[in-house]
Amino acid sequence: MLWSLIKIVLFVVLVAALAWGAGFLLESEGGIQLTVAGTEYTLGPLQSVIAVLLLMFAVWVLLKIVALLSATWHFLNGDETALSRYFDRNRERKGYEALSDGLMALASGEGQLAMAKAAKADRYLKRPALTNLLTAQAAELAGDRRKAERTYRKLVEDEKTRFVGVRGIMKQKLADGDTETALKLAEKAFALKPKHEETGDTLLKLQAEKHDWTGARGTLQAKYKNGHLPRDVHKRRDAVLALSEAREVIAEGNSIEAREAAIEANRLSPDLVPAAVMAARSYIAQDKPRYASKVLQKAWSVHPHPDLAAAFAEVQPDETPQQRIKRFRALTKSQPDHPETKMLLAELHIANEDFPEARRALGNLVETDPSARSVTLMAAIERGEGASDTVVKGWLTRALNVSRGPQWICENCHHIHAEWKPICENCKSFDTLEWKTPPLSEVAMPSGVQMLPLIVGTPETMPTEGALTTRTDDIEEAELVTDIDEPTNPDAPKKAPDPTA
């Protein structure tokens, strides 16, 4: 607004100055006296100004004539392009002006204007390497996909612009959902420019989606050599690809190759839980329980996970509950304060029917970090110690309220997965699943929820933390506890949960 006001003021001042100057010239006397060949010429003030302007124009014309004569002289001396360069200067100036205007229109989102400026620049410059790219991008912005594709194909024909053309068509195919063609184009573009980071990421993602694990590992290695990945990230993603390749081999029934691939995946990234589980089962199949135990213990020391505990139980499947508790000490001693360790020990003691020890192992986990699993374990402990159905159902009701605990969640789109996968089911991103606790979302209940305390227990014996909400995916886990047998000691004291817990 201020700049517009300044321009208006400057324009008024300029007009006033010109008017004053013209009036001054008309009213003033004298002028310029010229003597040519003995003849004297007297010019008035206004005539003097006109004469100066005509002189400046004559000098400009003289310079143009001198430049033309110079170009003609060079042409006569063997420079065949001297005259063409002279006449093309004005055309190039107009062409570059149109090209500049087209780029500005493209940046401002004016697709049609950018296409018009690109066509004008092409007429003047005759340099398709410059104008075709602007035309293609302007056509995409304007929604003319056919013209954009035709222009990209023209770019493919020129060796200097081949990569740009291939990449442009690849993006169009990705937008259309034609991943087969996009994969071939990505391979071609990556071969032309292996150091282009975005193309490498696109190729890696497409290869992973097509389960081309061998090709994806090659692309990953190329990205690492080109400095696009840190060493630790490369090792983990290479392990993920090796693990995915091992799963494919297992599905095909090649047991020896599957074992080698699983062990290789665990070697590349020992803390990758699915790789450790698969490697341990490969060692179990080879009758090497000590190797399997070492693999699982190392992974547990970094990241405790229930799948690791399940695989550790498979090392000695026929042992008694007492023997299992003793053997699992080698696993649980590395992370004694971790919630997963506490729940694992509680499960082991419940299986041994040592419910007081299971309660001590669980500790105050249901108060400090409650989850559906820990609260369900507490219900099992209460049932084992002889608590009433009202108390047990009270714990089960609370299990419907709390979080499900850690799950495989995509870091990119936060989609929850039932099991680990190399590619997110929702956003198709690669290696983005992480084992963590999702945020607890409150779900609205129908009006019949007021009858729930009459079914599962009285308000005095039920945990009262938060409003009653439910999550249907917890029901199956909660119902398992209702099938626990009656305790062996029916006279054991019954202990109700703390209502404020």
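**Entry 1. Lys171 and its partner**

I began with Lys171, which is partly exposed, at a relative accessible area of 37%. I was working on a predicted model. Next I looked for the partner of Lys171. The side chain of Lys171 meets that of Glu198 in a salt bridge, 3.5 Å from N to O. I then placed both ends. Lys171 sits in helix α7 (residues 162-176) and Glu198 in helix α9 (residues 197-209), so this pair ties together parts 27 residues apart in sequence. Glu198 is also partly exposed, with a relative accessible area of 38%.

**Entry 2. Helix α17: Glu347**

I moved on to a second salt bridge. Here the side chains of Glu347 and Arg373 meet at 3.1 Å, N to O. Glu347 belongs to helix α17 and Arg373 to helix α20 (residues 372-384), so the bridge ties together parts that are 26 residues apart in sequence. Glu347 is partly exposed, at 32% relative accessible area. Arg373 has 17% relative accessibility and counts as buried, because the cut-off for buried is under 20%.

**Entry 3. Helix α17: His349**

I stayed on helix α17, residues 339-351, which also holds His349. Is His349 buried or exposed? I found His349 buried, with a relative accessible area of 11%. I then listed what His349 touches, leaving aside neighbours within four places in sequence. The contacts are Ile325, Asp354, Glu357, Ala358 and Ala361.

**Entry 4. Helix α20 again**

Which residue forms a salt bridge with Glu382? I found Arg359, with the closest N and O atoms 3.4 Å apart. Arg359 is in helix α18 (residues 355-362) and Glu382 is in helix α20, so the pair ties together parts 23 residues apart in sequence. Both Arg359 and Glu382 are buried. I also noted a network: Glu149, Arg153 and Lys173 are joined by salt bridges that share partners.

**Entry 5. The whole chain**

I finished with totals. I counted 24 salt bridges in the structure. Side chains of opposite charge can pair when their charged atoms come close. The chain has 23 helices and five strands. Of its 501 residues, 37% are buried. I looked up contacts between residues at least 6 apart in sequence; 53% of these join residues at least 24 apart. The chain exposes about 29,500 Å². Carbon and sulfur atoms supply 57% of that area.

Technical notes. Residues numbered from 1 in each chain as written. Predicted model: local features only at pLDDT ≥ 70, side-chain atom pairs only at ≥ 80, totals over all residues. Heavy atoms only, no water. Helix = DSSP H or I, 4+ residues; strand = E, 2+ residues; numbered from the N terminus. Buried < 20%, exposed > 50% of the residue type's maximum accessible area, 1.4 Å probe, protein only. Contact = heavy atoms within 4.5 Å. Areas by Shrake-Rupley, 256 points an atom, 1.4 Å probe, with all protein chains shown as cover. Salt bridge = Lys/Arg side-chain N within 4 Å of Asp/Glu carboxyl O.
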